[in-house]
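Morning, everyone. Please bring up the model on your screens. I'll keep this short.

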Amino acid sequence: MSNFLLVLLVVVVAFLIATRRRLRLHREALRRLGQSLARRQAFLGEEEPGVLGLEFQQLCGTANDLIIGYNRLSQLSNSQLAQIDTTLGSLKEAVMVLDEQNRIVLANGALRAIFPRSRGVPQQRLELVMESRQFLDYVTAVRTGDAPSQQEVEFTEDGSSLWVEATGALIPAIDQGAGTWALFVLHDVTRQKKLEGLRREFVANVSHELRTPLSVIKGYVETLVDGHRAMPVEDSEKFLLTIQRHTERLNSILEDLLTLSRLESSNPGLKLERIHLGTLISSVVEDVRRRPAAGGHELALKLDAGVGEMSLDSLKITQVLENLIDNALKYTSHGSVVEIQAKLVDTGIEVCVRDNGPGIPAEDLTRIFERFYRVDKGRSREKGGTGLGLSIVKHIVQLHGGRVWAESEPGKGAAFFLRLPQRTA
Ligand code: ADP
């Protein structure tokens with residue numbers, strides 16, 4: 001081999017080695033640049049500027065600018081999100097933001113409280129968190145611009161209904177090509193809905209209760225107006241007595257309704273005074289004994305020596321005792337025994353009115369304190385009951401800070417208890 005060829009070969013090999021070294025450096029630098037981009041940390045690759053070349057330095061500079069810019073924006077966005085989160089957290093209304101695929105991107109504390117399934121897992125799909133076809137339809141309508149400004153929606157949470165007033169709006173996309181997000185504010189109206197339902201039910205019950213005696217009175221009055229001249233006197237007297245009975249019934253219902261409405265008002269007119277409860281119970285029992293309705297019954301009174309003075313509204317407690325004793329007389333047959341007992345217990349004074357009548361089925365025991373609830377509607381009406389007596393009892397006892405309940409073994413009688421707390425003693 002000639003010297004020339006040898007030199008050429010050496011030069012070529014040296015060039016090759018240098019190129020490979022540069023290639024390795026470039027590869028290594030690119031790898032580290034890639035890592036920096038992935039970690040969003042500035043690239044510190046200036047160790048061998050001459051070797052890596054000017055273009056590579058420029059590429060690194062641009063990449064670093066991008067990384068710094070990205071980090072600044074990311075910090076800004078995080079602090080803005082934190083600010084929004086704090087602001088939304090203080091709102092009573094439930095607020096959430098949905099992305100274009102109906103994933104929950106943001107939910108405030110109120111929303112998480114109403115829908116516990118929205119807690120924890122980030123970006124959950126809406127339908128996994130809230131069960132309501134109606135709400136999904138509303139979300140779609142908001143996206144297509146066909147939604148009313150506000151819509152009432154029913155959800156089912158843990159088997160019970162939840163009502164909200166939903167308002168939705170689209171969040172305009174700032175970036176082109178990004179999906180449209182939507183914001184929803186949900187106002188919990190379950191309480192109002194329930195109250196509305198109760199009010200409707202109450203009006204329907206009252207109307208029903210008043211309609212029966214009124215239509216009887218109307219019928220008999222019309223018959224008397226048309227035919228009283230041709231009618232035998234005994235018939236017209238019978239008619240008049242029926243009218244009187246139903247008028248009294250109307251009167252009792254209205255009286256009880258007025259009493260209830262006063263007791264439920266913000267000023268129920270409780271007049272507390274120091275009264276000897278034992279003496280009060282004795283005088284109520286004495287009064288009832290003198291009534292014809294108590295004729296065939298035995299009223300047995302048992303008072304503990306400790307049942308003394310208490311702070312109470314004597315007229316209202318008298319009404320409680322009368323209602324309970326009246327019921328015991330009403331729902332038991334002649335010859336039955338009604339026991340009235342009062343004793344001192346650790347939390348106050350307990351009064352019990354017990355009879356040995358037909359009793360009350362277990363499933364009705366808590367419901368009999370509701371307005372117009374009767375176990376046997378026909379029997380209650382036939383005995384002149386309004387279905388409001390026990391509701392009045394409950395309200396009065398609760399106004400005194402006490403509680404009332406019933407126990408019964410069907411066929412063996414019923415016992416009504418009221419416990420008045422020591423603090424009023
Ligand atoms: P009412 O005017 O119908 O008696 P209440 O509110 O006083 O209304 O009582 C509600 C229902 O509870 C009654 O209709 C009756 O079915 C039941 N009840 C109340 N007291 C007794 C009792 N001592 N024995 C059996 N049932 C009773």
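I'll start with the ligand and then turn to the helices.

First, some ground rules. This is a predicted model, where local features need pLDDT of at least 70 and side-chain atom pairs count only at pLDDT 80 or more, while totals for chains, interfaces and linings use all residues. Residues are numbered from 1 along each chain as its sequence is written, and side-chain values use heavy atoms, with hydrogens and water left out.

Now the ligand. How many residues surround the ligand? There are 20. To be near, a residue needs a heavy atom within 4 Å of the molecule. Among the closest are Tyr331, Ser380 and Leu390.

What is the shell made of, by class? Nine residues are nonpolar, seven polar and four charged. Nonpolar here covers Ala, Val, Leu, Ile, Met, Phe, Trp, Tyr, Cys and Pro; charged covers Asp, Glu, Lys and Arg; the others, Gly among them, are polar.

Look at the polar contacts, pairs of N or O atoms within 3.5 Å. Ser380 puts a polar side-chain atom 2.5 Å from a ligand oxygen. Leu390 uses a polar backbone atom, 2.8 Å from an oxygen of the ligand. Val375 also uses its backbone: an N or O atom sits 3.0 Å from a ligand oxygen. Alone, the ligand exposes 520 Å², and the protein buries 97% of that. Those areas come from the Shrake-Rupley method with a 1.4 Å probe.

Helix 10 gives the largest share, three residues. Helices are DSSP runs (H or I, at least four residues), numbered from the N terminus.

Last, packing. Angles run from 0 to 180 degrees between N-to-C directions, with axes fitted to C-alpha atoms over the stretch in contact. Helix 7 (190–227) and helix 8 (233–264) pack at about 160°, axes 9 Å apart. So helix 7 is roughly antiparallel to helix 8, a label for angles over 145 degrees.

Helix 9 (277–289) packs against helix 10 at about 45°, axes 10 Å apart. That makes helix 9 oblique to helix 10: oblique is whatever is left after under 35 (roughly parallel), over 145 and 65 to 115 (roughly perpendicular).

How values were computed. Polar contact = N/O pair within 3.5 Å; in protein donor to acceptor, adjacent residues only side chain to side chain. Helix = DSSP H or I, 4+ residues; strand = E, 2+ residues; numbered from the N terminus.
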